[in-house]
Amino acid sequence: MTHRILVVDDDDALREMVGLVLASNGYETVFAADGISAVEVFRAQNPDLVLLDIMLPGQSGIEVCREIRAFSGTPIVMLTAKGDTDDVVAGLEAGADDYVIKPHNGVELVARIRARLRPLGEDAGMLQVGPLSLDPKTFEVRRGDAQIPLTPLEFKLLHTLAAKPQQVFSREMLLDQVWGYQYKADTRLVNVHVQRLRSKVEEDPENPKIVMTVRGHGYRAGSDSL
Amino acid sequence: MIRFFRRSLTARTVALTVLLSSLAVILIGGFLSYSLANSFYQDRLSQVLSETERAVGSVQNTVAAASLNDETALQTLLNSVVPSLEISGGTGSRQVALLRSPDQGQLQLFQSPISQNLELSSIPESLREAVRQNADSLTYTPVQLTVDGVLVPGITVGAPLSIPVAGEFELYLVFNLAAEEQALILVQNALAFGGIALIVMIALLSYFVTRSLVGPVERAAAAAQLISEGNLDQRLAERGEDVMALLSKSFNKMAASLQQQIQQLDSLSRMQRRFVSDVSHELRTPLTTIKLAGEVIFGNRSKLDPALARSAELLQDQIDRFEKLLGDLLEISRYDAGAVVAEWEQHDLNAVVGAAIASIEPLAKSKNCEIFVELPSTPVRAELDAKRIERLLRNLLSNAIEHGEEKPIIVEVGQNSQAVAVCVTDQGVGMTRAQLERVFDRFWRADPARQRSVGGTGLGLAIAREDSALHRGWLQVWSKPKRGTSFRLTLPKSRDAVIANSPLPLPPRSMEA
């Protein structure tokens with residue numbers, strides 16, 4: 001199955017070049033050059049992943065990200081010229097799954113995309129964490145009868161934690177197992193996404209019962225057993 | 001108190017003025033008081049003498065006119081002399097004594113009549129002797145009298161008196177100077193009061209005059225202080241057209257031009273920093289395209305003929321170098337803009353050093369360079385931004401490898417109660433004193449002619465220094481030509497601690513021999 005990737009960047013040359021790299025790695029590509037058309041193209045083409053530049057004419061990548069997240073959990077990888085804290089955190093909080101800092105190389109870019117498109121393991125079965133039930137086949141999370149919509153990344157994060165409820169996961173372990181980073185990366189990715197996940201699955205995000213913080217170590221699922 | 005005087009010009013001036021004017025007032029008052037007392041006494045004395053003279057004359061006349069032979073009548077006459085003289089005095093009270101001179105054989109029965117309240121102590125024996133010897137004139141002496149139990153000054157005047165039949169007598173008049181003394185005390189009190197009032201007025205005057213002169217100077221000093229603390233809007237009030245107004249005007253002018261220049265420089269450097277940052281960001285997008293394109297070409301170089309393939313390799317290397325340079329430029333512009341925020345976390349410095357060495361290992365191997373590490377056996381915990389410190393150490397290590405002449409590099413880690421330290425030492429070419437001074441300068445290279453093999457950006461040590469300053473740490477260097485170079489990084493254990501000394505010596509022990 002060929003994945004379709006939406007590349008949003010206002011720089012023509014870079015857009016074309018990224019397209020060439022992705023095409024040579026077997027992806028199908030669609031393009032948008034500004035923030036307004038990005039959402040339109042997304043609706044029309046329904047891509048499997050969005051590669052989104054933050055600095056865009058029309059509306060910023062952060063706005064686009066927020067708009068897409070309002071109706072879709074499709075993976076979004078931001079491209080940013082600034083590695084600065086504010087931009088990155090703003091993008092992650094708007095719902096981006098991961099980010100790549102320019103200038104990046106092709107291998108790195110493809111690795112990030114591949115990690116986001118990788119399905120959950122074959123052996124993944126139904127899981128229960130607290131009052132929630134997770135179905136990896138349908139990416140569905142239910143609290144009783146109510147369905148909770150999660151993005152694939154959020155589902156993977158929750159699933160990873162719930163699969164081993166006795167284990168404390170450090171941020172580095174989660175970066176490796178959820179985001180697919182082999183080397184040290186930005187632990188803010190974990191922090192921001194745990195917050196987003198909690199805001200969806202916890203009854204009181206200030207006082208979490210499902211995604212617990214283990215001070216000085218990381219996170220673990222559930223509160224009863226440990 | 002002494003500090004207060006040293007600090008306050010006003011207090012000093014007033015104190016000095018008061019001291020000097022007090023001295024003057026005391027001198028003048030003393031002189032006035034003395035000469036007044038003297039003139040009072042002299043006036044009274046001459047009056048006293050002339051009264052006595054008249055009294056003596058009148059007694060002699062009385063006695064002569066009486067021409068008595070009867071002793072009893074004579075005694076009665078003599079007795080009447082004293083009261084008549086007591087009341088005939090024009091001024092003040094006086095007492096009279098008519099004493100018979102001693103050593104006269106005849107007529108011992110004559111008594112010596114004296115005034116009622118007269119104490120004989122007011123007619124000293126020395127005076128009586130002087131009177132007997134001075135037959136022609138009046139003799140006097142100042143004495144102390146007791147009036148109503150109070151001592152008052154007085155004068156006793158005496159004259160010899162020869163009375164027929166009765167023999168030699170001495171007439172004494174004792175004058176009381178209490179009124180004169182009263183007058184003198186009154187004048188002295190007035191003088192003292194006047195003097196004190198004068199001194200107080202002078203003190204107030206000098207205070208206000210000094211305030212009016214020192215006040216503007218103090219305000220100017222306070223304003224200058226504020227300006228030097230960065231409060232550039234500070235100005236002085238300009239009132240009047242005197243020299244103080246001139247001072248204020250000049251001061252304000254100076255402050256304004258200073259402020260303008262500082263703001264100009266500030267906006268210039270802000271613009272420049274902004275420019276560097278913008279350029280770096282703007283370069284990133286095309287560089288990304290170039291990089292991706294270069295990779296595609298490089299990845300397919302086996303399909304190219306040798307010259308093109310080599311070109312692809314060169315292109316790839318230089319793109320990497322360009323990227324590194326751009327990254328460093330951006331980092332330093334972030335520091336210049338004050339936009340760097342450290343990500344504080346507790347870390348084991350041993351682990352950070354280990355990570356830095358692991359990442360530099362391939363470079364060290366390619367340069368045939370061994371790295372020896374001396375770590376403490378216990379964890380060296382400190383609050384630090386691990387990413388920045390690891391980068392800093394990587395920079396120090398790659399410098400050591402570049403300049404280390406393939407000799408072993410020594411990395412030491414140490415800690416004391418408040419600080420942790422890493423020392424990176426090479427045994428290579430070393431640097432001269434002049435070179436050492438510039439080692440942290442941007443884009444500076446110890447030897448421009450030297451072949452650049454490792455390919456640093458020239459910003460590594462400048463950034464390292466900023467990273468260290470961000471941690472409130474020290475980055476120090478020791479070097480000696482042909483011996484080697486040693487960089488020592490000292491960091492406080494917690495982010496708000498201050499370092500007093502480093503746990504590791506510089507130069508390191510290995511260099512001391």
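Two residues are in contact if their C-beta atoms, placed from the backbone, lie within 7 Å.

## The interface between the chains

This is a predicted model. In it, 15 residues of chain A are in contact with 13 residues of chain B. On the chain A side, helix α1 (residues 12-24) gives the most, with six residues. That side has eight nonpolar, four polar and three charged residues.

## Chain A in outline

Chain A has eight helices and twelve strands. Of its 226 residues, 40% count as buried. Take the contacts in chain A between residues at least 6 apart in sequence: 57% of them join residues at least 24 apart.

Strand β1 (residues 4-8) of chain A has four of its five residues buried, so β1(A) is largely enclosed by the rest of the structure. Its pairing with strand β2 (residues 28-32) of chain A is parallel and runs over five bridges. In this pair, R4(A) stands opposite E28(A) of β2(A).

## Two nonpolar cores

In soluble globular proteins, nonpolar side chains tend to be buried together. Here the largest nonpolar core has 61 residues. The residues with the most contacts inside this core are V8(A), V50(A), L51(A), L52(A) and L158(A). Domain 1 (4-117) and domain 2 (127-221) of chain A each supply at least three residues to the core.

What does L158(A) touch, not counting residues up to four places away in sequence? Its contacts are L134(A), L150(A), L197(A) and V201(A).

## A five-stranded sheet in chain B

Chain B holds an open sheet of five strands with mixed pairing, in the order β6-β8-β9-β11-β10. The edges are β6 (371-374) and β10 (474-480) of chain B. Each has a single partner strand, so one side of each is left without a neighbour in the sheet. Neighbouring strands of this sheet are turned by 15 degrees against each other on average, direction ignored.

Strands β8 (residues 409-415) and β9 (residues 419-426) of chain B run antiparallel and are joined by six bridges. Within this pair, Q415(B) stands opposite V420(B) of β9(B).

Helix α9 (residues 386-403) of chain B lies across β8, β9 and β11 (484-492) of chain B. The angle between α9(B) and β9(B) is about 20 degrees.

## Positive phi in two loops of chain B

N368(B) sits in the loop between α8 and β6 of chain B. Its phi is near 55 degrees, a positive value in a residue other than glycine. Is N368(B) buried or exposed? With 9 C-beta neighbours inside 10 Å, N368(B) counts as exposed, because 12 or fewer is the cut-off.

E405(B) is found in the loop between α9 and β8 of chain B. The phi of E405(B) is near 55 degrees, again positive in a residue other than glycine. E405(B) has 15 other C-beta atoms within 10 Å and is partly exposed.

## Cis peptide bonds

Which residues does a cis peptide bond join in chain A? K102(A) and P103(A), with omega about -10 degrees. P103(A) lies in the loop between β5 (98-101) and α5 (106-117) of chain A.

In chain B, a cis peptide bond joins L506(B) and P507(B), with omega about 0 degrees. P507(B) has its place in the loop between β11 and α12 (509-512) of chain B.

## After the strand β12 of chain A

G222(A) is in the segment after β12 (218-221) of chain A. With 18 C-beta neighbours inside 10 Å, G222(A) counts as partly exposed.

Beyond its neighbours within four places in sequence, G222(A) is in contact with V129(A), G130(A), P165(A) and I210(A). From C-alpha to C-alpha, G222(A) and I210(A) are 4.5 Å apart in space, and twelve residues apart in sequence.

Notes
Residues are numbered from 1 along each chain as its sequence is written. Chains are lettered from A and ligands numbered from 1 in the order in which they are written. This is a predicted model: local features need pLDDT of at least 70, side-chain atom pairs count only at pLDDT 80 or more; totals for chains, interfaces and linings use all residues. Two strands pair if DSSP finds at least two bridges between them. Axes are lines fitted to C-alpha atoms, for helices over the stretch in contact, and angles run from 0 to 180 degrees between N-to-C directions. Ala, Val, Leu, Ile, Met, Phe, Trp, Tyr, Cys and Pro count as nonpolar, Asp, Glu, Lys and Arg as charged, and the others, Gly among them, as polar. A nonpolar core is a set of buried Ala, Val, Leu, Ile, Met, Phe, Trp, Tyr and Cys residues joined through C-beta atoms within 7 Å. A residue is buried if 20 or more other C-beta atoms lie within 10 Å of its own, exposed if 12 or fewer, and partly exposed in between; C-beta atoms are placed from the backbone. Domain bounds come from an automatic or database domain assignment.
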